Amino acid sequence: MWAKSRVAAKGGCRGNFGVAAGLAAPAWVAVALFGSAALADPITAPSPDQAVATAAGAPALPEGALAKASAAQPAATAGVNADATTTPSYTVEAVDKAIGTNPFERLAKYYAAEWGQGAAPTDPNAAPAIRDGWSPPPQTAPPMPFTDWPYGGSTLIGDNRTASVDSPLMVAIQHTAVGQAMNATGIQAYGWIDYGGNLSSSKAKFGNAPAGYDYNPNNIQLDQAVIYLERTPDTVQTDHIDWGFRLSAIYGENYRYTTAYGLASYQLLKHNDFNGYDFPMVYGELWIPKVFEGLMIRVGRFISVPDIEAQLAPNNYMYSHSITYTFDNFTNEGVQTTFAVTKQLMLQVGVVMGTEAAVWNYNKRLPNLYVQEGLGPDPLYPSSSFLKDPGATPSLTLCGRYHSLDDKNDINICADAINHGQWGYNNLQWWGFTAYHTFNKYWHISFETYVEHEDGVPNGLNPLALNIYNNGGTPFSPQFIAFNAPDLAQCKSAAVLRCQTDSIGSVFYLNYSPNALNNVSLRVEYYDDAEGQRTGVPAIYHDIGIGWQHWLSPQVELRPEFTYYTSSRPAFDLATKSDEAVLAGDIIWHF
(Lines give C-alpha, C1' and ligand atoms only; values in the text may rest on other atoms or scores of the structure.)
Protein backbone atom coordinates (compact mmCIF):
# COMPACT_ATOMS: atom_id res chain seq x y z
CA MET A 1 0.00 0.00 0.00
CA TRP A 2 2.99 2.22 -0.27
CA ALA A 3 2.50 4.22 -3.37
CA LYS A 4 3.88 7.20 -5.04
CA SER A 5 3.00 10.68 -3.98
CA ARG A 6 -0.57 11.38 -4.83
CA VAL A 7 -1.51 14.69 -6.14
CA ALA A 8 -4.08 14.47 -8.75
CA ALA A 9 -6.67 12.84 -6.72
CA LYS A 10 -5.22 12.81 -3.44
CA GLY A 11 -4.20 15.99 -1.96
CA GLY A 12 -0.78 16.35 -0.75
CA CYS A 13 0.00 16.42 2.89
CA ARG A 14 2.15 14.37 5.08
CA GLY A 15 3.36 15.55 8.41
CA ASN A 16 6.17 14.54 10.71
CA PHE A 17 6.41 14.91 14.43
CA GLY A 18 9.27 12.59 15.13
CA VAL A 19 11.37 10.02 13.45
CA ALA A 20 11.44 6.29 13.40
CA ALA A 21 14.74 4.63 14.17
CA GLY A 22 17.19 4.99 11.34
CA LEU A 23 15.24 7.81 9.60
CA ALA A 24 16.37 11.37 9.14
CA ALA A 25 14.57 14.02 11.22
CA PRO A 26 14.58 17.46 9.54
CA ALA A 27 14.29 20.38 11.94
CA TRP A 28 10.99 22.28 12.09
CA VAL A 29 12.75 25.56 11.56
CA ALA A 30 14.11 24.34 8.25
CA VAL A 31 10.96 23.11 6.61
CA ALA A 32 9.80 26.60 5.70
CA LEU A 33 12.94 27.35 3.71
CA PHE A 34 13.61 26.49 0.07
CA GLY A 35 16.00 23.64 -0.20
CA SER A 36 15.66 22.72 3.45
CA ALA A 37 14.53 19.15 2.97
CA ALA A 38 16.48 16.19 1.77
CA LEU A 39 15.07 15.06 -1.54
CA ALA A 40 14.10 11.51 -2.29
CA ASP A 41 13.58 10.01 -5.72
CA PRO A 42 10.60 11.44 -7.57
CA ILE A 43 7.18 10.00 -7.05
CA THR A 44 4.45 10.90 -9.41
CA ALA A 45 0.74 11.37 -9.09
CA PRO A 46 -2.28 11.33 -11.36
CA SER A 47 -4.04 14.01 -13.31
CA PRO A 48 -6.55 16.32 -11.64
CA ASP A 49 -9.28 13.96 -12.57
CA GLN A 50 -7.64 10.82 -11.28
CA ALA A 51 -6.40 11.63 -7.91
CA VAL A 52 -4.19 8.56 -7.97
CA ALA A 53 -0.45 8.59 -8.29
CA THR A 54 0.86 6.18 -10.82
CA ALA A 55 2.81 3.40 -9.24
CA ALA A 56 5.11 0.80 -10.62
CA GLY A 57 3.07 -2.00 -9.24
CA ALA A 58 6.02 -4.25 -8.57
CA PRO A 59 5.39 -7.31 -6.45
CA ALA A 60 4.88 -5.87 -2.99
CA LEU A 61 6.71 -6.79 0.14
CA PRO A 62 4.71 -9.11 2.33
CA GLU A 63 3.27 -5.98 3.92
CA GLY A 64 2.18 -4.71 0.51
CA ALA A 65 1.03 -1.14 0.97
CA LEU A 66 4.38 0.54 1.38
CA ALA A 67 5.99 -1.40 -1.40
CA LYS A 68 3.24 -0.62 -3.90
CA ALA A 69 3.27 3.06 -3.10
CA SER A 70 6.93 3.34 -3.79
CA ALA A 71 6.70 1.16 -6.84
CA ALA A 72 4.88 3.96 -8.57
CA GLN A 73 8.09 5.83 -9.04
CA PRO A 74 9.53 6.07 -12.56
CA ALA A 75 13.19 5.43 -13.11
CA ALA A 76 13.60 9.04 -14.19
CA THR A 77 11.41 12.01 -14.89
CA ALA A 78 11.74 15.48 -16.32
CA GLY A 79 10.40 17.11 -13.17
CA VAL A 80 12.13 18.85 -10.33
CA ASN A 81 12.62 15.64 -8.40
CA ALA A 82 14.58 14.03 -11.18
CA ASP A 83 17.95 14.78 -9.60
CA ALA A 84 16.95 13.54 -6.17
CA THR A 85 18.97 10.82 -4.45
CA THR A 86 17.97 7.84 -2.37
CA THR A 87 19.34 7.14 1.11
CA PRO A 88 19.46 3.61 2.55
CA SER A 89 17.24 4.66 5.47
CA TYR A 90 14.48 5.95 3.17
CA THR A 91 13.56 2.80 1.30
CA VAL A 92 10.34 0.82 1.57
CA GLU A 93 12.01 -1.99 3.47
CA ALA A 94 13.89 0.27 5.92
CA VAL A 95 10.87 2.45 6.68
CA ASP A 96 8.56 -0.52 7.09
CA LYS A 97 10.87 -2.05 9.69
CA ALA A 98 11.34 1.27 11.49
CA ILE A 99 7.68 2.19 12.02
CA GLY A 100 6.57 -0.90 13.91
CA THR A 101 3.41 -2.97 13.60
CA ASN A 102 0.77 -1.17 15.70
CA PRO A 103 -1.52 0.75 13.28
CA PHE A 104 -1.56 3.95 15.37
CA GLU A 105 2.20 3.86 15.84
CA ARG A 106 2.71 3.20 12.14
CA LEU A 107 0.46 6.12 11.19
CA ALA A 108 2.37 8.61 13.38
CA LYS A 109 5.80 7.31 12.46
CA TYR A 110 5.04 7.23 8.75
CA TYR A 111 4.11 10.90 8.82
CA ALA A 112 7.39 11.45 10.65
CA ALA A 113 9.38 9.40 8.16
CA GLU A 114 8.12 11.41 5.20
CA TRP A 115 8.50 14.82 6.83
CA GLY A 116 10.80 16.99 4.75
CA GLN A 117 10.96 14.45 1.94
CA GLY A 118 9.96 15.22 -1.63
CA ALA A 119 8.51 11.78 -2.36
CA ALA A 120 7.44 8.48 -0.82
CA PRO A 121 10.09 5.95 0.27
CA THR A 122 11.78 4.29 -2.67
CA ASP A 123 11.83 0.65 -3.66
CA PRO A 124 15.00 -0.32 -5.55
CA ASN A 125 13.30 -3.55 -6.66
CA ALA A 126 10.18 -1.90 -8.07
CA ALA A 127 9.02 -2.78 -11.54
CA PRO A 128 8.79 0.05 -14.10
CA ALA A 129 6.05 2.59 -13.49
CA ILE A 130 5.91 3.55 -17.17
CA ARG A 131 5.11 1.38 -20.17
CA ASP A 132 8.16 0.35 -22.12
CA GLY A 133 8.91 2.86 -24.87
CA TRP A 134 6.65 5.56 -23.41
CA SER A 135 8.14 8.80 -22.17
CA PRO A 136 8.19 9.54 -18.43
CA PRO A 137 5.79 12.07 -16.92
CA PRO A 138 6.97 15.67 -17.40
CA GLN A 139 6.32 16.74 -13.79
CA THR A 140 6.60 15.34 -10.28
CA ALA A 141 4.24 15.54 -7.35
CA PRO A 142 5.18 17.13 -5.04
CA PRO A 143 5.48 19.94 -5.85
CA MET A 144 3.01 19.91 -8.77
CA PRO A 145 -0.68 18.96 -8.61
CA PHE A 146 -0.08 16.37 -11.34
CA THR A 147 2.68 14.36 -12.96
CA ASP A 148 1.33 13.78 -16.47
CA TRP A 149 -0.35 16.70 -18.23
CA PRO A 150 -4.04 16.47 -17.20
CA TYR A 151 -6.69 15.32 -19.62
CA GLY A 152 -9.36 13.83 -17.36
CA GLY A 153 -12.06 11.27 -17.95
CA SER A 154 -9.67 8.34 -17.46
CA THR A 155 -7.08 6.83 -15.20
CA LEU A 156 -3.70 7.80 -16.65
CA ILE A 157 -2.86 5.55 -19.59
CA GLY A 158 0.63 4.07 -19.78
CA ASP A 159 1.81 5.21 -16.35
CA ASN A 160 -0.55 3.99 -13.67
CA ARG A 161 -0.08 0.96 -11.44
CA THR A 162 -2.84 -0.43 -9.28
CA ALA A 163 -2.81 0.67 -5.60
CA SER A 164 -0.13 3.28 -6.20
CA VAL A 165 -1.30 6.15 -3.96
CA ASP A 166 1.02 7.06 -1.10
CA SER A 167 -1.45 6.86 1.78
CA PRO A 168 -0.47 6.99 5.48
CA LEU A 169 -3.79 5.33 6.29
CA MET A 170 -3.06 2.35 4.06
CA VAL A 171 0.48 2.05 5.41
CA ALA A 172 -0.90 2.14 8.96
CA ILE A 173 -3.33 -0.75 8.43
CA GLN A 174 -1.30 -2.85 6.01
CA HIS A 175 -0.45 -5.55 8.62
CA THR A 176 -4.08 -5.89 9.74
CA ALA A 177 -6.53 -8.38 8.26
CA VAL A 178 -8.43 -5.54 6.57
CA GLY A 179 -5.25 -4.03 5.17
CA GLN A 180 -4.01 -7.34 3.82
CA ALA A 181 -7.36 -8.05 2.16
CA MET A 182 -7.41 -4.61 0.53
CA ASN A 183 -3.83 -4.97 -0.60
CA ALA A 184 -4.54 -8.37 -2.13
CA THR A 185 -7.27 -6.86 -4.30
CA GLY A 186 -5.53 -3.55 -5.01
CA ILE A 187 -8.18 -1.49 -3.21
CA GLN A 188 -7.17 1.67 -1.34
CA ALA A 189 -8.87 4.12 1.00
CA TYR A 190 -7.36 7.59 1.39
CA GLY A 191 -8.22 11.27 1.42
CA TRP A 192 -7.41 14.67 2.85
CA ILE A 193 -8.71 17.58 4.90
CA ASP A 194 -8.42 21.11 3.52
CA TYR A 195 -8.88 24.20 5.69
CA GLY A 196 -8.53 27.69 4.23
CA GLY A 197 -9.25 31.34 4.83
CA ASN A 198 -8.93 34.82 3.39
CA LEU A 199 -8.59 38.51 4.17
CA SER A 200 -10.42 40.59 1.59
CA SER A 201 -11.08 44.21 0.68
CA SER A 202 -14.73 43.17 0.27
CA LYS A 203 -16.76 43.24 3.48
CA ALA A 204 -20.33 42.07 2.83
CA LYS A 205 -21.31 38.48 3.50
CA PHE A 206 -20.59 36.44 0.35
CA GLY A 207 -18.98 39.61 -1.04
CA ASN A 208 -15.95 37.96 -2.65
CA ALA A 209 -18.26 36.59 -5.36
CA PRO A 210 -18.11 36.21 -8.29
CA ALA A 211 -14.69 34.96 -7.19
CA GLY A 212 -15.52 31.41 -6.13
CA TYR A 213 -14.73 28.82 -3.48
CA ASP A 214 -13.48 31.42 -0.96
CA TYR A 215 -16.53 33.55 -1.85
CA ASN A 216 -17.19 34.57 1.77
CA PRO A 217 -14.74 37.39 2.67
CA ASN A 218 -12.64 37.52 5.82
CA ASN A 219 -13.48 33.99 6.78
CA ILE A 220 -11.87 30.70 7.82
CA GLN A 221 -13.64 27.61 6.55
CA LEU A 222 -13.51 23.87 6.04
CA ASP A 223 -13.12 23.82 2.29
CA GLN A 224 -13.34 20.07 1.92
CA ALA A 225 -12.88 16.81 3.76
CA VAL A 226 -12.61 14.07 1.16
CA ILE A 227 -12.35 10.30 1.23
CA TYR A 228 -11.87 7.88 -1.67
CA LEU A 229 -12.37 4.14 -1.85
CA GLU A 230 -10.96 2.93 -5.12
CA ARG A 231 -9.11 0.47 -7.27
CA THR A 232 -7.34 1.77 -10.37
CA PRO A 233 -6.56 -0.35 -13.45
CA ASP A 234 -2.93 -1.16 -14.19
CA THR A 235 -2.36 0.65 -17.49
CA VAL A 236 1.37 -0.05 -17.71
CA GLN A 237 0.74 -3.71 -18.54
CA THR A 238 -0.77 -4.67 -21.89
CA ASP A 239 -1.38 -8.40 -21.50
CA HIS A 240 -4.77 -8.54 -19.79
CA ILE A 241 -8.02 -6.64 -19.26
CA ASP A 242 -8.12 -4.85 -15.90
CA TRP A 243 -10.79 -3.03 -13.92
CA GLY A 244 -11.22 -0.26 -11.40
CA PHE A 245 -13.70 1.91 -9.56
CA ARG A 246 -13.90 5.00 -7.38
CA LEU A 247 -16.36 5.94 -4.67
CA SER A 248 -15.79 9.44 -3.33
CA ALA A 249 -17.41 11.66 -0.74
CA ILE A 250 -16.80 15.33 0.03
CA TYR A 251 -17.96 17.50 2.94
CA GLY A 252 -17.40 21.21 3.38
CA GLU A 253 -18.04 24.53 1.69
CA ASN A 254 -16.81 23.23 -1.67
CA TYR A 255 -19.83 20.94 -2.09
CA ARG A 256 -21.50 24.05 -3.50
CA TYR A 257 -19.36 23.66 -6.64
CA THR A 258 -19.92 19.95 -7.25
CA THR A 259 -23.67 19.63 -6.56
CA ALA A 260 -25.69 18.06 -9.35
CA TYR A 261 -29.40 18.92 -9.56
CA GLY A 262 -31.28 15.99 -8.08
CA LEU A 263 -28.38 14.43 -6.16
CA ALA A 264 -28.53 15.59 -2.51
CA SER A 265 -29.08 19.07 -3.99
CA TYR A 266 -31.63 20.00 -1.32
CA GLN A 267 -28.73 21.25 0.82
CA LEU A 268 -27.80 23.92 -1.70
CA LEU A 269 -31.08 24.59 -3.49
CA LYS A 270 -33.60 24.40 -0.63
CA HIS A 271 -31.59 25.31 2.47
CA ASN A 272 -28.51 27.13 1.12
CA ASP A 273 -26.37 25.30 3.69
CA PHE A 274 -22.88 26.75 3.92
CA ASN A 275 -21.33 23.28 4.37
CA GLY A 276 -22.71 20.15 2.79
CA TYR A 277 -21.87 16.76 1.33
CA ASP A 278 -21.69 15.35 -2.17
CA PHE A 279 -20.40 12.34 -4.10
CA PRO A 280 -18.52 13.97 -7.00
CA MET A 281 -17.07 10.74 -8.39
CA VAL A 282 -18.84 7.39 -8.39
CA TYR A 283 -17.72 5.30 -11.35
CA GLY A 284 -16.33 2.04 -12.62
CA GLU A 285 -13.58 1.57 -15.21
CA LEU A 286 -12.58 -1.16 -17.65
CA TRP A 287 -9.09 -1.19 -19.20
CA ILE A 288 -8.75 -3.04 -22.53
CA PRO A 289 -5.08 -2.85 -23.56
CA LYS A 290 -5.33 -4.53 -26.96
CA VAL A 291 -7.47 -1.81 -28.60
CA PHE A 292 -4.96 0.52 -30.29
CA GLU A 293 -2.50 1.38 -27.48
CA GLY A 294 -5.27 0.89 -24.93
CA LEU A 295 -8.92 1.71 -24.34
CA MET A 296 -10.36 2.95 -21.03
CA ILE A 297 -14.13 2.87 -20.49
CA ARG A 298 -15.49 4.85 -17.54
CA VAL A 299 -19.16 4.62 -16.48
CA GLY A 300 -20.78 6.67 -13.72
CA ARG A 301 -20.33 10.18 -12.36
CA PHE A 302 -16.98 11.84 -12.96
CA ILE A 303 -15.19 15.18 -13.26
CA SER A 304 -15.71 17.02 -16.56
CA VAL A 305 -12.89 17.13 -19.10
CA PRO A 306 -10.34 18.63 -19.68
CA ASP A 307 -9.61 21.58 -17.32
CA ILE A 308 -6.33 22.69 -15.77
CA GLU A 309 -8.11 23.22 -12.44
CA ALA A 310 -10.36 20.79 -10.57
CA GLN A 311 -12.78 20.72 -7.64
CA LEU A 312 -10.49 18.53 -5.55
CA ALA A 313 -8.06 20.77 -3.67
CA PRO A 314 -4.80 18.84 -4.28
CA ASN A 315 -5.37 18.95 -8.04
CA ASN A 316 -4.74 22.71 -8.26
CA TYR A 317 -1.73 24.98 -8.28
CA MET A 318 -3.37 27.60 -6.05
CA TYR A 319 -5.92 27.72 -3.24
CA SER A 320 -8.32 30.02 -5.07
CA HIS A 321 -9.83 29.22 -8.43
CA SER A 322 -10.00 31.35 -11.53
CA ILE A 323 -13.38 32.82 -12.43
CA THR A 324 -12.95 30.90 -15.68
CA TYR A 325 -13.08 27.65 -13.72
CA THR A 326 -15.66 28.79 -11.16
CA PHE A 327 -18.29 29.13 -13.93
CA ASP A 328 -17.23 26.07 -15.89
CA ASN A 329 -18.63 22.55 -16.26
CA PHE A 330 -17.91 20.49 -13.15
CA THR A 331 -19.26 16.92 -13.33
CA ASN A 332 -20.96 14.63 -15.83
CA GLU A 333 -22.86 11.35 -15.55
CA GLY A 334 -22.65 8.79 -18.31
CA VAL A 335 -20.07 6.84 -20.31
CA GLN A 336 -16.63 8.21 -21.22
CA THR A 337 -14.22 6.31 -23.46
CA THR A 338 -10.54 7.15 -23.91
CA PHE A 339 -8.61 5.61 -26.82
CA ALA A 340 -4.81 5.79 -26.85
CA VAL A 341 -4.53 5.75 -30.63
CA THR A 342 -0.74 6.07 -30.42
CA LYS A 343 1.71 7.07 -27.69
CA GLN A 344 1.13 10.67 -28.72
CA LEU A 345 -2.53 10.79 -29.74
CA MET A 346 -5.65 10.16 -27.69
CA LEU A 347 -9.31 10.34 -28.65
CA GLN A 348 -12.09 10.67 -26.07
CA VAL A 349 -15.75 10.06 -26.89
CA GLY A 350 -18.51 10.17 -24.30
CA VAL A 351 -22.28 10.17 -23.97
CA VAL A 352 -23.40 11.94 -20.79
CA MET A 353 -26.59 13.28 -19.21
CA GLY A 354 -25.80 16.97 -19.60
CA THR A 355 -23.78 18.73 -16.91
CA GLU A 356 -24.51 18.64 -13.16
CA ALA A 357 -27.67 16.73 -14.10
CA ALA A 358 -28.88 13.58 -12.36
CA VAL A 359 -29.84 10.85 -14.81
CA TRP A 360 -33.19 10.35 -13.06
CA ASN A 361 -34.17 13.90 -13.99
CA TYR A 362 -34.33 12.85 -17.65
CA ASN A 363 -37.85 13.61 -18.96
CA LYS A 364 -39.10 14.44 -15.47
CA ARG A 365 -41.69 17.24 -15.51
CA LEU A 366 -42.94 19.99 -13.21
CA PRO A 367 -46.27 21.86 -13.27
CA ASN A 368 -46.29 25.26 -14.94
CA LEU A 369 -47.79 27.19 -12.03
CA TYR A 370 -48.16 30.40 -14.07
CA VAL A 371 -50.44 28.62 -16.55
CA GLN A 372 -52.23 26.34 -14.12
CA GLU A 373 -53.15 29.21 -11.81
CA GLY A 374 -54.58 31.20 -14.71
CA LEU A 375 -52.15 34.09 -14.54
CA GLY A 376 -52.13 34.33 -18.32
CA PRO A 377 -50.44 32.71 -21.30
CA ASP A 378 -46.79 31.82 -20.85
CA PRO A 379 -44.86 32.59 -24.04
CA LEU A 380 -41.70 31.13 -22.48
CA TYR A 381 -43.20 27.72 -21.64
CA PRO A 382 -46.74 27.57 -23.12
CA SER A 383 -47.72 24.11 -21.83
CA SER A 384 -49.22 23.33 -18.43
CA SER A 385 -45.97 21.54 -17.51
CA PHE A 386 -42.32 21.66 -18.47
CA LEU A 387 -39.17 19.60 -18.08
CA LYS A 388 -37.69 19.82 -14.60
CA ASP A 389 -34.24 20.28 -16.12
CA PRO A 390 -34.03 20.71 -19.91
CA GLY A 391 -30.28 20.13 -19.57
CA ALA A 392 -30.82 16.55 -18.35
CA THR A 393 -30.64 15.11 -21.83
CA PRO A 394 -28.21 12.85 -23.75
CA SER A 395 -25.15 14.89 -24.68
CA LEU A 396 -21.93 14.29 -26.58
CA THR A 397 -18.37 14.81 -25.39
CA LEU A 398 -15.56 14.67 -27.95
CA CYS A 399 -11.88 15.43 -27.23
CA GLY A 400 -8.53 14.98 -28.94
CA ARG A 401 -5.14 15.06 -27.23
CA TYR A 402 -1.66 15.48 -28.69
CA HIS A 403 1.40 14.85 -26.52
CA SER A 404 4.89 15.47 -27.89
CA LEU A 405 7.51 12.73 -27.65
CA ASP A 406 9.83 14.96 -25.65
CA ASP A 407 7.06 15.60 -23.07
CA LYS A 408 7.43 19.35 -23.48
CA ASN A 409 4.10 20.02 -25.19
CA ASP A 410 0.55 18.86 -24.71
CA ILE A 411 -2.76 20.11 -26.11
CA ASN A 412 -6.34 18.93 -25.47
CA ILE A 413 -9.17 20.16 -27.71
CA CYS A 414 -12.66 19.38 -26.41
CA ALA A 415 -16.38 19.82 -26.86
CA ASP A 416 -17.99 18.87 -23.57
CA ALA A 417 -21.62 17.84 -22.94
CA ILE A 418 -22.99 19.20 -26.22
CA ASN A 419 -26.77 19.01 -26.77
CA HIS A 420 -29.56 21.39 -27.87
CA GLY A 421 -28.22 23.92 -25.36
CA GLN A 422 -31.51 25.01 -23.81
CA TRP A 423 -31.45 26.86 -20.50
CA GLY A 424 -30.83 24.23 -17.83
CA TYR A 425 -29.48 23.90 -14.34
CA ASN A 426 -25.94 24.10 -15.73
CA ASN A 427 -26.41 23.13 -19.36
CA LEU A 428 -23.25 24.78 -20.63
CA GLN A 429 -22.20 24.06 -24.19
CA TRP A 430 -18.43 23.99 -23.66
CA TRP A 431 -15.94 24.35 -26.53
CA GLY A 432 -12.28 24.93 -25.74
CA PHE A 433 -8.78 23.61 -25.17
CA THR A 434 -5.99 23.31 -22.65
CA ALA A 435 -2.29 23.49 -23.48
CA TYR A 436 0.94 22.90 -21.56
CA HIS A 437 4.60 23.59 -22.27
CA THR A 438 7.66 22.91 -20.16
CA PHE A 439 10.85 24.89 -20.70
CA ASN A 440 13.05 22.92 -18.33
CA LYS A 441 12.74 21.15 -14.97
CA TYR A 442 12.09 24.49 -13.23
CA TRP A 443 9.65 26.34 -15.51
CA HIS A 444 6.42 25.44 -17.28
CA ILE A 445 3.20 27.14 -18.43
CA SER A 446 -0.44 26.07 -18.60
CA PHE A 447 -3.16 27.75 -20.64
CA GLU A 448 -6.89 27.19 -21.04
CA THR A 449 -9.51 29.00 -23.06
CA TYR A 450 -13.13 28.26 -23.89
CA VAL A 451 -16.39 29.63 -25.18
CA GLU A 452 -19.63 28.39 -23.65
CA HIS A 453 -23.27 29.24 -24.15
CA GLU A 454 -26.88 28.42 -23.31
CA ASP A 455 -29.88 29.10 -25.53
CA GLY A 456 -33.32 30.48 -24.71
CA VAL A 457 -32.44 31.97 -21.33
CA PRO A 458 -35.29 34.23 -20.05
CA ASN A 459 -34.45 37.91 -20.08
CA GLY A 460 -34.39 39.39 -16.58
CA LEU A 461 -34.67 42.89 -18.09
CA ASN A 462 -38.01 42.11 -19.74
CA PRO A 463 -40.98 42.80 -17.39
CA LEU A 464 -43.14 39.98 -18.76
CA ALA A 465 -40.35 37.39 -18.63
CA LEU A 466 -39.48 38.47 -15.10
CA ASN A 467 -43.12 38.24 -14.00
CA ILE A 468 -43.46 34.76 -15.48
CA TYR A 469 -40.27 33.68 -13.72
CA ASN A 470 -41.35 35.07 -10.35
CA ASN A 471 -44.73 33.33 -10.54
CA GLY A 472 -43.67 29.78 -11.31
CA GLY A 473 -43.67 29.89 -15.09
CA THR A 474 -40.15 28.48 -15.61
CA PRO A 475 -38.39 25.30 -14.41
CA PHE A 476 -36.07 27.31 -12.17
CA SER A 477 -38.55 29.74 -10.64
CA PRO A 478 -38.25 30.33 -6.87
CA GLN A 479 -41.24 28.05 -6.26
CA PHE A 480 -39.04 25.14 -7.40
CA ILE A 481 -35.53 26.27 -6.42
CA ALA A 482 -35.42 28.61 -3.42
CA PHE A 483 -31.65 29.32 -3.52
CA ASN A 484 -28.85 29.28 -6.06
CA ALA A 485 -31.04 28.77 -9.12
CA PRO A 486 -29.54 29.38 -12.57
CA ASP A 487 -29.47 33.11 -13.30
CA LEU A 488 -31.59 34.89 -15.87
CA ALA A 489 -29.95 36.70 -18.76
CA GLN A 490 -29.48 40.43 -19.06
CA CYS A 491 -30.00 40.54 -22.79
CA LYS A 492 -28.77 43.38 -24.95
CA SER A 493 -32.39 44.45 -25.55
CA ALA A 494 -35.10 44.59 -22.88
CA ALA A 495 -37.69 43.94 -25.60
CA VAL A 496 -36.79 40.28 -26.14
CA LEU A 497 -38.16 37.53 -23.90
CA ARG A 498 -35.15 35.25 -24.33
CA CYS A 499 -31.63 35.32 -25.65
CA GLN A 500 -28.52 33.20 -25.99
CA THR A 501 -25.96 33.78 -23.26
CA ASP A 502 -22.26 33.57 -24.08
CA SER A 503 -19.15 33.63 -21.97
CA ILE A 504 -15.47 33.49 -22.84
CA GLY A 505 -12.84 32.39 -20.35
CA SER A 506 -9.05 32.30 -20.57
CA VAL A 507 -6.58 31.54 -17.81
CA PHE A 508 -2.78 31.31 -17.91
CA TYR A 509 -0.37 29.91 -15.32
CA LEU A 510 3.38 30.50 -15.21
CA ASN A 511 5.07 28.10 -12.79
CA TYR A 512 8.55 28.10 -11.27
CA SER A 513 9.67 25.20 -9.10
CA PRO A 514 13.14 25.58 -7.54
CA ASN A 515 13.08 22.17 -5.84
CA ALA A 516 10.91 19.20 -4.95
CA LEU A 517 9.01 20.92 -2.14
CA ASN A 518 8.20 24.32 -3.63
CA ASN A 519 6.40 25.85 -6.60
CA VAL A 520 5.40 29.44 -7.32
CA SER A 521 2.49 30.11 -9.69
CA LEU A 522 1.52 33.35 -11.42
CA ARG A 523 -2.09 33.33 -12.67
CA VAL A 524 -3.49 35.79 -15.20
CA GLU A 525 -7.10 35.66 -16.34
CA TYR A 526 -9.66 37.18 -18.70
CA TYR A 527 -13.38 36.38 -18.39
CA ASP A 528 -16.21 37.95 -20.41
CA ASP A 529 -19.75 37.33 -19.14
CA ALA A 530 -21.59 39.25 -21.85
CA GLU A 531 -25.16 38.73 -20.57
CA GLY A 532 -24.28 38.33 -16.89
CA GLN A 533 -25.91 34.90 -16.75
CA ARG A 534 -22.86 33.25 -15.16
CA THR A 535 -21.71 35.86 -12.63
CA GLY A 536 -24.87 37.95 -12.17
CA VAL A 537 -23.27 41.05 -13.67
CA PRO A 538 -22.63 41.55 -17.41
CA ALA A 539 -18.99 42.51 -17.24
CA ILE A 540 -15.45 41.73 -18.31
CA TYR A 541 -13.25 40.44 -15.50
CA HIS A 542 -9.50 40.33 -15.08
CA ASP A 543 -7.40 39.00 -12.27
CA ILE A 544 -3.76 38.49 -11.48
CA GLY A 545 -2.67 36.27 -8.64
CA ILE A 546 0.53 34.82 -7.25
CA GLY A 547 0.64 31.72 -5.09
CA TRP A 548 3.30 29.67 -3.33
CA GLN A 549 2.83 25.93 -2.88
CA HIS A 550 5.11 24.71 -0.10
CA TRP A 551 5.17 21.04 0.84
CA LEU A 552 6.30 20.10 4.34
CA SER A 553 6.21 16.49 3.15
CA PRO A 554 4.39 14.53 0.45
CA GLN A 555 1.37 14.67 2.77
CA VAL A 556 1.18 18.29 3.96
CA GLU A 557 0.89 21.30 1.67
CA LEU A 558 0.61 25.02 2.43
CA ARG A 559 -0.66 27.40 -0.29
CA PRO A 560 -0.55 31.12 0.57
CA GLU A 561 -1.48 33.54 -2.23
CA PHE A 562 -2.55 37.05 -3.19
CA THR A 563 -5.03 37.90 -5.98
CA TYR A 564 -6.29 41.20 -7.35
CA TYR A 565 -9.55 41.22 -9.34
CA THR A 566 -11.13 43.91 -11.52
CA SER A 567 -14.45 44.13 -13.39
CA SER A 568 -15.69 46.51 -16.06
CA ARG A 569 -18.83 47.14 -13.95
CA PRO A 570 -19.31 46.92 -10.18
CA ALA A 571 -19.52 43.20 -9.44
CA PHE A 572 -17.69 42.59 -6.16
CA ASP A 573 -18.89 43.18 -2.60
CA LEU A 574 -22.51 42.59 -3.69
CA ALA A 575 -22.07 44.53 -6.93
CA THR A 576 -20.85 47.71 -5.23
CA LYS A 577 -17.17 47.61 -6.23
CA SER A 578 -15.22 47.14 -9.43
CA ASP A 579 -12.13 45.66 -7.82
CA GLU A 580 -11.13 43.35 -5.01
CA ALA A 581 -7.90 42.31 -3.29
CA VAL A 582 -7.76 38.97 -1.51
CA LEU A 583 -4.98 37.51 0.62
CA ALA A 584 -5.77 33.82 1.10
CA GLY A 585 -4.33 30.40 1.75
CA ASP A 586 -4.99 26.88 2.92
CA ILE A 587 -3.41 23.75 4.36
CA ILE A 588 -4.07 20.32 2.89
CA TRP A 589 -3.39 17.30 5.13
CA HIS A 590 -3.53 13.87 3.51
CA PHE A 591 -4.21 10.54 5.12
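## Disulfides

Number the bonded cysteines of the chain in sequence order, and the pairing reads 1-2, 3-4. The count is two disulfides, where a disulfide is a pair of cysteine sulfur atoms within 2.5 Å. This is a predicted model: local features need pLDDT of at least 70, side-chain atom pairs count only at pLDDT 80 or more, and totals for chains, interfaces and linings use all residues. Residues are numbered from 1 along each chain as its sequence is written, and side-chain values use heavy atoms, with hydrogens and water left out.

Cys-399 and Cys-414 form a disulfide, with sulfur atoms 2.0 Å apart. Cys-399 lies in strand S11 and Cys-414 in strand S12, so the pair ties together parts that are 15 residues apart in sequence. Strands (E, at least two residues) and helices (H or I, at least four) are DSSP runs, numbered from the N terminus. The torsion about the S-S bond of Cys-399 and Cys-414 is about 120°, so this disulfide is right-handed. Cys-399 is buried, at 4% relative accessible area. Cys-414 is buried too, at 5%. Buried means under 20% relative accessible area, exposed means over 50%, and partly exposed lies in between (1.4 Å probe, protein chains only).

Cys-491 and Cys-499 form a disulfide, their sulfur atoms 2.1 Å apart. Which hand does the disulfide of Cys-491 and Cys-499 have? Its S-S torsion is about -85°, so it is left-handed. Cys-491 is buried, with a relative accessible area of 4%. Cys-499 is buried at 16%.

## Salt bridges

Side chains of opposite charge can pair when their charged atoms come close. A salt bridge puts a side-chain nitrogen of Lys or Arg within 4 Å of a carboxyl oxygen of Asp or Glu. How many salt bridges does a search of the whole structure find? The search finds 16.

One of them joins Asp-234 and Arg-161, with the closest N and O atoms 2.9 Å apart. Asp-234 lies in the loop between strand S2 (219-231) and strand S3 (242-252), and Arg-161 in the loop between helix H3 (103-114) and helix H4 (168-173), so the pair ties together parts that are 73 residues apart in sequence. Asp-234 counts as buried, at 11% relative accessibility. Arg-161 is buried, with a relative accessible area of 11%.

Asp-242 and Arg-231 also meet in a salt bridge (2.9 Å, N to O). Asp-242 is in strand S3 and Arg-231 in strand S2, so this pair ties together parts that are 11 residues apart in sequence. Asp-242 and Arg-231 are both buried.

Arg-401 and Asp-410 form another salt bridge (2.8 Å, N to O). Both residues are buried. Salt bridges with shared partners join Asp-148, Arg-401 and Asp-410 into one network.

## A nonpolar surface patch

Now turn to the surface. Phe-292, Val-341, Leu-345, Leu-347, Val-351, Leu-396, Leu-398, Tyr-402, Ile-411 and Ile-413 form a nonpolar patch there, with about 850 Å² of accessible area together. Strand S8 (345-353), strand S11 (394-403) and strand S12 (409-418) each give two or more residues to the patch. Patches are made of residues with over 30% relative accessible area and no salt bridge: nonpolar side chains (Val, Leu, Ile, Met, Phe, Trp, Tyr) are joined within 5 Å, like charges within 9 Å. Accessible areas come from the Shrake-Rupley method with a 1.4 Å probe; for residues, only the protein chains shown count as cover.

Leu-398 is found in strand S11. Leu-398 is partly exposed, with a relative accessible area of 41%.
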